[in-house]
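Hi there,

Here is the structure I promised to pass on. My notes on it follow below.

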Amino acid sequence: MEDTAINWSNSDVNDVETCIFCLIANKKDENTKIIKETKDLVCFSDIFPGAPHHYLVVPREHILSCFSLHKGHIDLVERMAKLGKDVLHDQGITDMADIRLGFHQPPFISVGHLHLHVLAPASQISKYMLYKFTPETNSFVTEEVLRKRLKSISPPLRCHYLENCKLFQCINCAQTGL
C-alpha cells in the first residue's frame, strides 16, 4: 500500500516573503553569495559549517521539508544532489566516497524550506556537529535513502480528484459535498 504525501508545500504568501532561503534563492538577500545555480536551484555556504566544505542546495520554490515530497519529486532530489556534487567538484573535492548529502527531518529543521546539506570531507565533520549529520537517524536522512522512500509516496489528493465525490472532504480546501 502506498503512502500519500501530506501537502505541506502550500505556504502562506507571508511565509515565502519572510523565508530566508526564499530570499536567498530569489537574490533578495545581499549577505549571501550564491556559489552555483540552475533555473530552479541555488547553492550557497552554510553559515554554521559542520565540515571544511558545507553547502546548502535549495529549490527556488518554497517547499517546507522532505516530508512535503512524493514520488514526483525524485527528480528534484536527484538534481539537488547533482548540484551539490558539482559544487564539491568545483571546490577541488575529488573523493566522492568521503562526502555526506542529506536532509534534516522535522522537527529537526532549522529553516522551514527544503534544503540539502552537502558536507565534505565527511571524515572531517566536526565532532561537535556529528550528531546532526548522522545518517538514517530521526533527524537526518541521506538523499539516497530519501529517493528510495519517495518511490512509495503518492502525491496528495487535490480538489479536482474529488469533484464528483460527495462523501469525502478535500484536505486542501476543506470543502465537502455534504
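Ser139 sits in the loop between E6 and strand E7 (140-142). Leaving aside neighbours within four places in sequence, Ser139 is in contact (heavy atoms within 4.5 Å) with Phe103, His104, Gln105, Phe108, Tyr131 and Lys132.

Some ground rules before the rest. This is a predicted model, in which local features need pLDDT of at least 70 and side-chain atom pairs count only at pLDDT 80 or more, while totals for chains, interfaces and linings use all residues. Residues are numbered from 1 along each chain as its sequence is written, and side-chain values use heavy atoms, with hydrogens and water left out.

**Overall layout**

The protein chain has 4 helices and 8 strands; these are DSSP runs numbered from the N terminus, with helices (H or I) of at least four residues and strands (E) of at least two. Along the sequence, the pattern reads β-α-α-β-β-β-α-β-β-β-α-β. Of the 178 residues of the protein chain, 43% count as buried. Among contacts with a separation of 6 or more, 63% are between residues 24 or more positions apart.

**Helix H3 and the cores**

Helix H3 (residues 74-90) has 17 residues. From first C-alpha to last, H3 reaches 24 Å, close to the 24 Å expected at 1.5 Å a residue; the expected span is 1.5 Å times one less than the number of residues. The buried residues of H3 are Ile74, Leu76, Val77, Met80, Ala81, Leu83, Gly84, Val87 and Leu88. An α-helix has 3.6 residues a turn, so residues three or four places apart point the same way. What covers the buried residues of H3 includes strand E2 (34-37), strand E3 (41-45), strand E4 (53-59), strand E5 (100-104), strand E6 (116-120) and helix H4 (143-150). After H3 comes Gly92, whose phi is positive, near 90°.

The largest nonpolar core has 27 residues, and those with the most contacts inside it are Val57, Leu69, Met80, Phe103, Leu114, Leu116 and Leu146. A nonpolar core here is a set of buried Ala, Val, Leu, Ile, Met, Phe, Trp, Tyr and Cys residues joined through side-chain atoms within 4.5 Å. E3, E4, H3, E5, E6 and H4 each supply at least two residues of this core, and the largest share, 8 residues, comes from H3. A second, separate core of 11 residues includes Phe21, Ile24, Ala25 and Val42. Not counting residues up to four places away in sequence, Val57 touches residues including Val42, Met80, Leu83, Leu114 and Leu116.

The largest pocket has a volume of about 390 Å³. Of the 21 residues that line the largest pocket, the closest to its centre are Phe21, Asp46, Ile47, Phe48 and Leu56. For reference, a pocket is an open set of points on a 1 Å grid over the protein atoms alone, with protein on both sides within 12 Å along at least five of seven lines, and lining residues have an atom within 4 Å of a point. Grid points are joined across faces, edges and corners, and a volume is the space filled by probe spheres set on the points. Helix H2 (20-25), E3 and E4 each supply at least two lining residues, with the largest share, 3 residues, coming from H2.

**Backbone points to check by eye**

Most residues other than glycine have a negative phi, and most peptide bonds are trans. Lys27, in the loop between H2 and E2, has a positive phi of about 60° although it is not a glycine. Lys27 counts as exposed at 55% relative accessibility. Glu136, in the loop between E6 and E7, also has a positive phi of about 60°, and at 41% relative accessibility Glu136 counts as partly exposed. A cis peptide bond joins Pro106 and Pro107, with omega about 10°; Pro107 lies in the loop between E5 and E6. The peptide bond from Ala120 to Pro121 is cis too, with omega near -20°.

Best wishes

Notes. Buried < 20%, exposed > 50% of the residue type's maximum accessible area, 1.4 Å probe, protein only. 1 Å grid on protein atoms, 1.4 Å probe; cavity = no way out; pocket = protein on both sides within 12 Å on 5 of 7 lines; lining within 4 Å.
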